[in-house]
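Good morning, colleagues. Please look at the sequence and the structure first.

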Amino acid sequence: MKTLKKIILGITAIIFASCEDVVDVEVQEGPKRLVVEASLDWEKGTDGNVQTIRLRESTPFFNTNTNTEVTGASVVVTNDDNGAIYNFEDQGNGEYLTMNFEPILGQTYSLRIEYNGEVYTAEETMTPVTDITNVFQDRKDGFDDEVLEVHVVFTDPEEVGNHYLFKFQREGDLLPDLEEGKDEFLNGNEIDWWYEIEEDDNTDIEPFKPGDVVNIGMYGISKSYYDYIKILISQLGGVGLFESTPVDVKGNCINITNPENYAFGYFRLSQVVKTSYTFVED
Amino acid sequence: MNSKSQLNPIIKCTIWLLWSLFLGCMSAIGQTSHTISGTITDKSNGETLFGASVFLSGTTIGGVTNEYGFYSVTAPEGKYILSISYMGYNELNIEIDLNHDMVYDVEISEFSTALEEVVVMADEPERVILRKPEMSVVKMNIGTVKQMPVVLGELDVLKSLQMLPGVTNNGEGTGGFHVRGGAQDQNLVLLDEAIIYNTSHMFGFFSVFNADAIKDVKLYKGGIPASFGGRVSSVLDIRQKDGNSKNFELNGGIGVISSRLTAEGPVFGDKGSFLIAGRRSYVDLLLKAAGDENSVSFYDLNLKTNYSINRNNKLFLSGYFGRDAFKLGSSFDSSYGNSTGNLRWNHIFNDRLFSNLSAILSRYDYDLEFAQDEFEWLSSITNYNLKYDFKYYLSDAFKLDFGANGIYYDFNPGEVNPTAETSPVNPLKLDQKKALESGLYVSAEHKLSPKLTAQYGLRYSAFSRFGGQPISTYANDRPVVYNPELGIYERGEATGETNFDKGDVIETFGNIEPRVSLAYLLNEESSIKAGYSRTAQYIHLLSNTSSVTPLDVWTPSGPFIKPQLSNQYALGYFHNFKDMVYSLEVETYYKTVDNRIDYIDGSDLIGQNTIETEILNGEMRAYGLELLLRKNEGDFTGWIAYTLSKSEQRTLGGTAGGPGINNGNWYNASFDRTHDISLSGAYQLNDQWSFGTNLVFQSGRPVTYPNGQYVYEDLSIASYSPRNSDRLPAYHRMDVSINYKPRKYQNKRFKGEWVFSVYNLYSRKNASSISFGQNLETGANEATRTAIFGIVPSLTYNFKF
């Protein structure tokens, strides 16, 4: 179903060479908020002891200032099932680090952040992911059957309710691409997930070519994180006429001191499988 | 507002209406008078004329013809001049001696084919309009539509209507239309009485109505007559031509996007006529020729035929079939379209009682094929409608409309079928829903005094949702639950299902819908009118996008979705001046709609079986002022329309808890337009050359812009302002057209005409949307404007013989 948006855009583009240009627009300025990027990702086959949490602040939309790091906060993660406590050390650059985290599948963890006299908390469960069984390249699939795409093959576990986050990034590209998936229509099947980069007239971004290396991450995510990241992804790159009205995406970090001043971002615990693929001549 | 306080005024209203009806009936008894009745048709092609006025000169006795051209006028015995007039036609005056009941069929001719013996007079036609309580109505002659410049030379009834006050669209390239701040699915669109669920081709660039097959277009923006029901915003009543009953005729046109051909002529001797009209686009052929694998096309076919059994019985059969097809490479194939059919029987019981029985079928469906994922997706809505309407011309002062109808709906919201063994997709069929919507109405047009006329009526509508499917039950009966900690709406916890068998009724709704309007004649040139109408809508279009798409699905009211109920109040002033050459219409309205659904953040409607977990019940309100100044006659005709309006929506948390969508505050509907000015003009230089122009200025569409950004997952994520609190830049453009009829054809049977038009003459880049995102190379945020049309010139050749 991720295809629907692209299809509609594609169709409108075919009918009329509708023109796009970059314009100056004045936008409103919202409140400055804490941004929590607490992604405790446990790569399959590693011990997952080293984990980083990033704290930043939001800025006006067109601001190019990247100096948004938040320092001086206290960051603690607790395993609610066994009571283990992990203190994340302030690295002075917006990063908070621990070297002794112990990820356990299915267990619930809590995050507590104290910053500027306000306390933020969040709760999440470590979610497993299935293995990638095959990665290959092809041309015939995708929206454009002439360009190369990478295929990631995996078998969805039998029980209903698996959710996935995919992260694709070609080496040398500035930005990664995120895609989300769930097993609603595909439960228990072997799934072939493809990813391609389409020709873009407005930039110099080109489709995959032999020699390109693409890094792939497949994350097992909770239902609530899926709901969150789905909205976030759908609003990336802006929304057009045939999409929902954009909204502030609210994560799971609650400001218990002042609920109005909620934080952006999410406290996520995911098992992840990572791989990379080098395109060859076909 | 609780239901009790709402019901009280309705019951009072009902009693008052019944009392007036009774009085009206009484008043008709005991007069010694005679009736003259008949049909008014166009002299050149035999088409019946709807809305022609038939008056006894020097009196206020008279009326207008109905949809089938029938009139009936009752007056005391005596000698009169029967005066028949219709916009764009020569007025006809006939001396009659009304000493017995008479049947009198009349043919009138258009200005352009004027007969010399007929004196053109213009004092009668508008009189009826002033006296008739009918208000908030737009009638558009297909001739007017044909004079207006259009994009890519495709005549478009819906775009022409948008040049009038109170009617807007949701931006270029979007389907449908919005009336007085109402949503698109709140319009009842009828083509020969059959419901059209999707009014556009190519996502809204063109309408499904082929102008060559259409006789007239009537839009009720408010004051919807009791004979219509089922939608809360407006009724667009489009009637197809019957076909030329005098001569065989071919009409056609060759345009940039599509070509058309219409054939019509007499059949069954002199007892009937037929019309077949076809239109097909050929962008796909060009794409194919250019070696492009993508393809887009549409076609439509209109059919109509009628047969007169005798004077009092006539049968009509009409049909419409239209389809759009899209193909994206080898990966995606889709098609969608409407199909309708209608068999009608006109029966005249006597010179005062006219009836029509219709059996109507409509269907809208789409089919998506995903080749590489090896599955297809089908969805449809089908309805069967039986309708019996009567018009009783009791006396000159009192006319009664009454009737009944029943619509049986069959909803297939979606089914997924794998198309190959290897497909990764599992088969799925969403619950098939069935329902019956029935209506019963009576409505009177009552001349209370020479200056005051009232139209009042009642409609009782009922809706039953049938079983044959399970209905989910939820913890605490809440399909949507507010999570106060995270401040978001979440899907409720399903606790089980209640099964309903095919014969079971899941839920039934009933509503009394009073409709009242009054016209008071201030003097021979002006009148004031006031109206109130209450309407109910039982089916809803599910769409959580800014603009409706052809893939949105209709759903019936039921345990979780209540019928939409609307109240509309309108007040208007109507003035004809300079010998009726000019007319001025000023109207204000206030409208509320209860039970308008809106969607929770992140709602997922695709393949969704439990819609109730994605929605909240809200309300709408809209108000505005409309001005329309027209010049109706002369070489130069046209109008200026101005609308000042507001349309808002509010969705509270209700049983789900929490503040609701947008924190429970009112927000602008995406079709809210503060200012909307349209100017349309046509100038006839001589019998060869004519010119047309449109000028449009509108406030920008309400949108939601970002109000901040933050870094997450190495990406810049936008945060957003309150819903629809920003606006796109103002929309404006100018179009011109030139019509040229070469002189060499003027006395020949074959007639040709060139239409050259330029849409968006000064090539303004009107933003259809502005999207915000990161530049993929620099990473900086930027705003990208999408403008659909720059300057679009086009050339069309039309012919007729």
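The contact between the chains draws 73 residues from chain B and 72 residues from chain A; two residues are in contact if their C-beta atoms, placed from the backbone, lie within 7 Å. On the side of chain B that touches chain A, the elements giving two or more residues are strands E22 (313-328), E46 (706-712), E47 (715-720), E51 (767-774) and E52 (781-787) of chain B. Helices (H or I, at least four residues) and strands (E, at least two) are DSSP runs, numbered from the N terminus. By class, this side of chain B has 30 nonpolar, 34 polar and nine charged residues. Here Ala, Val, Leu, Ile, Met, Phe, Trp, Tyr, Cys and Pro count as nonpolar, Asp, Glu, Lys and Arg as charged, and the others, Gly among them, as polar.

A word on the source: this is a predicted model, in which local features need pLDDT of at least 70 and side-chain atom pairs count only at pLDDT 80 or more, whereas totals for chains, interfaces and linings use all residues. Residues are numbered from 1 along each chain as its sequence is written, and chains are lettered from A and ligands numbered from 1 in the order in which they are written.

Which strand of chain A is joined to E52(B)? Strand E1 (residues 19-23) of chain A runs antiparallel to E52(B), with five bridges joining them; two strands pair if DSSP finds at least two bridges between them. Within this pairing, Val22(A) has Thr784(B) as its bridge partner.

Let us turn to E22(B). Strand E21 (residues 295-310) of chain B pairs with E22(B) in the antiparallel sense over 15 bridges, and the two form a hairpin with two residues between them. Val296(B) is bridged there to Phe326(B) of E22(B). E22(B) is also joined by 14 bridges to strand E23 (residues 332-350) of chain B, again running antiparallel. Gly319(B) stands opposite Gly341(B) in E23(B). The hairpin of E22(B) and E23(B) has three residues between the strands, and Gly329(B) takes a positive phi near 50° in it.

Finally, chain A. Its secondary structure comes to two helices and 16 strands. The radius of gyration of chain A, taken over C-alpha atoms, is 20 Å, close to the 19 Å given for 282 residues by the globule rule, so chain A is as compact as a globular protein of that length. That rule is 2.2 Å times the number of residues to the power 0.38.
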